[in-house]
Amino acid sequence: MKLQTKYFGQIDYEAGDVVTFSVGPFGFEEEREFLLLPFDGSAGSLLCFQSVHTPGLAFVAMDPFSLLPGYAPVLQPQELKELGVTDSQELGFYVLCVVKKPVSDSTVNLKCPVAIHPETRKARQVILETDAYEMRHPLAQFGKEEGATC
């Protein structure tokens with residue numbers, strides 16, 4: 001199938017590439033199907049959630065473990081059940097990035113990651129029940145040695 005994207009032009013994809021949310025990301029609840037596309041040169045740490053149905057809708061996302069190796073999101077039992085797992089460690093996680101100018105002013109939302117079951121490709125954005133993470137964590141605080149490029 002072909003898809004016009006916000007950042008990558010027209011691409012080809014397979015139905016099995018689609019990440020499906022039971023309820024779309026916060027503020028976009030009706031958008032439930034996305035592709036997770038890596039940006040060139042990012043070694044998979046900087047990605048894009050591209051809507052399958054709305055070409056202009058795409059979210060910049062990051063691998064939180066590339067920023068904070070000790071990141072340890074824990075989902076609630078109902079969230080785990082919805083995603084078909086029994087432990088948060090069975091899931092992949094991505095955090096949304098608000099890109100600003102200059103890039104050093106950009107932030108990542110560590111409090112509300114997107115959790116993805118790697119086999120079923122089911123996804124859900126969650127709010128972590130901890131004060132350990134912030135919704136607007138400045139990217140510049142991670143430092144270059146930790147690979148913080150957005």
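Begin by selecting strand E5 (residues 46–51), which is mostly covered, with six of its six residues buried. Here buried means under 20% relative accessible area, exposed over 50% and partly exposed in between (1.4 Å probe, protein chains only). Helices (H or I, at least four residues) and strands (E, at least two) are DSSP runs, numbered from the N terminus. The model is predicted: local features need pLDDT of at least 70 and side-chain atom pairs count only at pLDDT 80 or more, while totals for chains, interfaces and linings use all residues. Residues are numbered from 1 along each chain as its sequence is written, and side-chain values use heavy atoms, with hydrogens and water left out.

Display the side chains of E5. Leu46, Cys48 and Gln50 point one way, Leu47, Phe49 and Ser51 point the other way, and all are buried. In a regular strand the side chains alternate between the two faces of the sheet.

Two strands pair if DSSP finds at least two bridges between them. Leu35 stands opposite Gln50 in E5. Leu46 stands opposite Met62 in E6, and a hairpin of six residues joins E5 to E6.

Now centre the view on Gln50, in strand E5. Gln50 counts as buried, at 0% relative accessibility. Leaving aside neighbours within four places in sequence, its contacts (heavy atoms within 4.5 Å) include Leu3, Gln4, Phe34, Leu35, Pro55 and Leu57.

**The largest pocket**

Select Leu96, Val98, Asn109, Gln125 and Met135, which lie nearest the centre of the largest pocket among its 16 lining residues. Strand E6 (58–62), strand E7 (92–98) and strand E8 (107–108) each give two or more residues to this lining, and E7 gives the most, with three. The volume of the largest pocket is about 290 Å³. On a 1 Å grid over the protein atoms alone, a pocket is an open set of points where a 1.4 Å probe fits, with protein on both sides within 12 Å along at least five of seven lines; lining residues have an atom within 4 Å of a point.

**Two salt bridges**

The structure holds two salt bridges, each defined as a side-chain nitrogen of Lys or Arg within 4 Å of a carboxyl oxygen of Asp or Glu. Select Lys2 and Asp12, whose side chains meet at 2.8 Å, N to O. Lys2 lies in strand E1 (residues 2–4) and Asp12 in strand E2 (residues 10–12), so the pair ties together parts 10 residues apart in sequence. Both Lys2 and Asp12 are exposed.

Move on to Arg124 and Glu82, which meet at 2.5 Å, N to O. This pair links strand E10 (residues 122–125) to helix H2 (residues 77–83), 42 residues apart. Arg124 is partly exposed, with a relative accessible area of 24%, and Glu82 is partly exposed at 25%.

**Backbone stops in the loops**

Most residues other than glycine have a negative phi, and most peptide bonds are trans. Select Lys101 and Pro102, joined by a cis peptide bond with omega of about -5 degrees; Pro102 lies in the loop between E7 and E8. Ala43 has a positive phi of about 55 degrees and is in the loop between E4 and E5. Finish at Arg121, with a positive phi of about 65 degrees, in the loop between strand E9 (114–116) and E10.

Note on methods: Points joined across faces, edges and corners; volume = space filled by probe spheres on them.
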